[in-house]
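Q: Hi! Could you walk me through this one?
A: Happy to, let's have a look together.

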Amino acid sequence: MSVIQNNIDLVNATLTVKVSKEDYSEKYDKALKIARKKINVPGFRVGMAPMGMVKKMYGPTILVDEINKIVSEELYNYINENKLNILGEPLPNENSKVDAFNEGDDFEFVFDIALAPEFKVEWNNATLPFYNIDVDATLIDKQVDAYRGRFGKYVPAEKVEEKDVIKGELVELNADGSVKEGGVKVEKAILSPGYMKEEDQKALALGKAVGESFVFNPAKAFGNENEIASLLQIKKEEAKEFAADCQFTVAEITRFAHAELDQELFDAAFGKDAVKSADEFRAKVKAGLEEQFAGDSDIKLSIDVREYVLNQLKDVQFADEFLKRWLKATNKEMTESSIEAEYPKMIEDLKWQMAKDQLLKEAEIKVDRADIEAAARQAAKMQFIQYGMLNVPEDILDNYVTEMLKDKNGLRNASDQALNAKFIAAVKERATFDNKTVSFEEFNKFFQ
């Protein structure tokens with residue numbers, strides 16, 4: 001048995017696998033004996049059919065299976081032993097086919113392969129932009145206000161304003177303005193003028209005090225049967241037909257008030273006595289924003305590094321025809337037109353991945369369990385920060401990370417994040433950076 005490599009060009013080659021009778025005879029005979037023990041031939045007990053009959057009935061299929069196993073094994077042994085860096089998998093050569101499988105014949109199989117192109121990304125000569133987000137007073141003010149809102153509460157109010165919640169008794173009226181006997185009556189109705197669609201209906205409630213009443217039309221005010229049904233506590237089908245005016249007598253007015261910038265807020269946001277003044281609170285908020293934005297800066301850097309890599313590799317050639325044929329062979333749902341449309345993006349992704357793999361190999365970078373857990377922890381921490389939760393207890397973070405890594409997708413995402421973080425760190429060690437400080441608004445424009 002032999003495997004012969006023929007390089008057609010820098011990225012295309014063929015592997016010819018030659019199989020002689022001596023290479024497969026023993027395995028073929030053994031497979032026949034195993035098959036004879038299992039097959040059921042009419043007129044014979046299981047395992048007792050004559051070998052000649054078994055060979056005649058099943059020999060050709062068994063021969064093909066055994067030869068395919070041998071060829072596959074030799075093919076991949078050759079690729080591994082010779083450290084061939086191939087893309088995709090070998091495909092049978094379309095112009096070289098075996099016409100028949102006859103016992104005793106020698107066989108020759110030709111496979112096409114795509115060789116990965118050789119390239120070298122010049123990281124030491126790279127000058128890349130790096131954007132630092134300026135955490136200015138305006139951003140800090142917004143975040144402080146967000147904390148005040150998060151830990152705010154509803155307090156009593158004297159007169160109804162647009163965003164207030166009012167509670168009271170609601171009754172259905174007749175056309176003449178009298179209370180409808182047997183009509184809708186809700187003793188503890190709740191509504192907010194801010195949710196009313198029509199301004200004239202909203203105005204009817206504004207300015208009312210506890211004990212005062214106003215007449216409005218729910219259908220005009222809300223125009224949505226779900227909201228009407230919820231307010232009137234009736235079925236949605238009934239709400240579709242409801243058109244009457246209603247009287248609402250105010251019993252309670254509550255208004256959401258932001259938390260005061262005091263010790264109660266400091267403790268709620270960052271833990272007891274971690275912050276003891278407004279200045280310390282703002283400094284803590286600023287530090288949290290800077291940590292969050294550092295990750296965003298690295299995301300932008302990843303985008304710019306990818307652009308740099310693709311520009312470096314713009315002239316690198318691939319075995320395009322082979323790869324398109326391989327995509328079609330391995331993705332039955334893809335058509336030739338969809339392959340043509342998607343292929344350029346696939347090659348860009350391939351170049352990017354190959355460049356990353358090259359640097360990771362060069363820097364001898366690997367990811368272990370500790371790296372994955374750290375990446376998952378950072379991701380979890382950033383998620384909590386986005387919801388304004390900077391003071392998440394360590395045990396809650398630990399449990400969150402544990403559950404995240406139990407899920408296959410969560411584990412894979414954390415692994416990818418850990419590897420990408422090390423890749424970006426390796427780029428930072430090699431490339432030169434043009435550091436730029438931009439506002440939050442300017443930074444966001446990069447992603448629009």
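Q: What caps the N-terminal end of H6?
A: Asn224 does: one of its side-chain oxygens lies 2.8 Å from the backbone nitrogen of Asn226. Keep in mind that this is a predicted model, where local features need pLDDT of at least 70, side-chain atom pairs count only at pLDDT 80 or more, and totals for chains, interfaces and linings use all residues. Residues are numbered from 1 along each chain as its sequence is written, and side-chain values use heavy atoms, with hydrogens and water left out.

Q: And just after H6, which residue takes a positive phi?
A: Gln233, at about 55°.

Q: Which residues are buried in H6?
A: In H6 (residues 225–232), Ile228, Ala229, Leu231 and Leu232 are buried (under 20% relative accessible area, 1.4 Å probe, protein chains only). They sit on the same side of H6 because they cover an arc of only 165° around the axis, taken from the directions from the helix axis to the C-beta atoms.

Q: What do they pack against?
A: Several elements, including helix H5 (218–222), helix H7 (236–241) and strand E10 (246–257); contact means heavy atoms within 4.5 Å.

Q: Switching topic: what is the strand order in the open sheet of four?
A: The order is E1-E2-E4-E3, with antiparallel pairing; strands are DSSP runs of E with at least two residues, helices runs of H or I with at least four, numbered from the N terminus. Strands E1 (2–7) and E3 (86–92) are the edges, each pairing on one side only.

Q: How many bridges join E1 and E2?
A: Six, in the antiparallel sense; two strands pair if DSSP finds at least two bridges between them.

Key:
Buried means under 20% relative accessible area, exposed over 50%, partly exposed in between (1.4 Å probe, protein chains only). A polar contact is a pair of N or O atoms within 3.5 Å; within protein, one must be able to donate a hydrogen and the other to accept it, and residues adjacent in sequence count only if both atoms are side-chain atoms.
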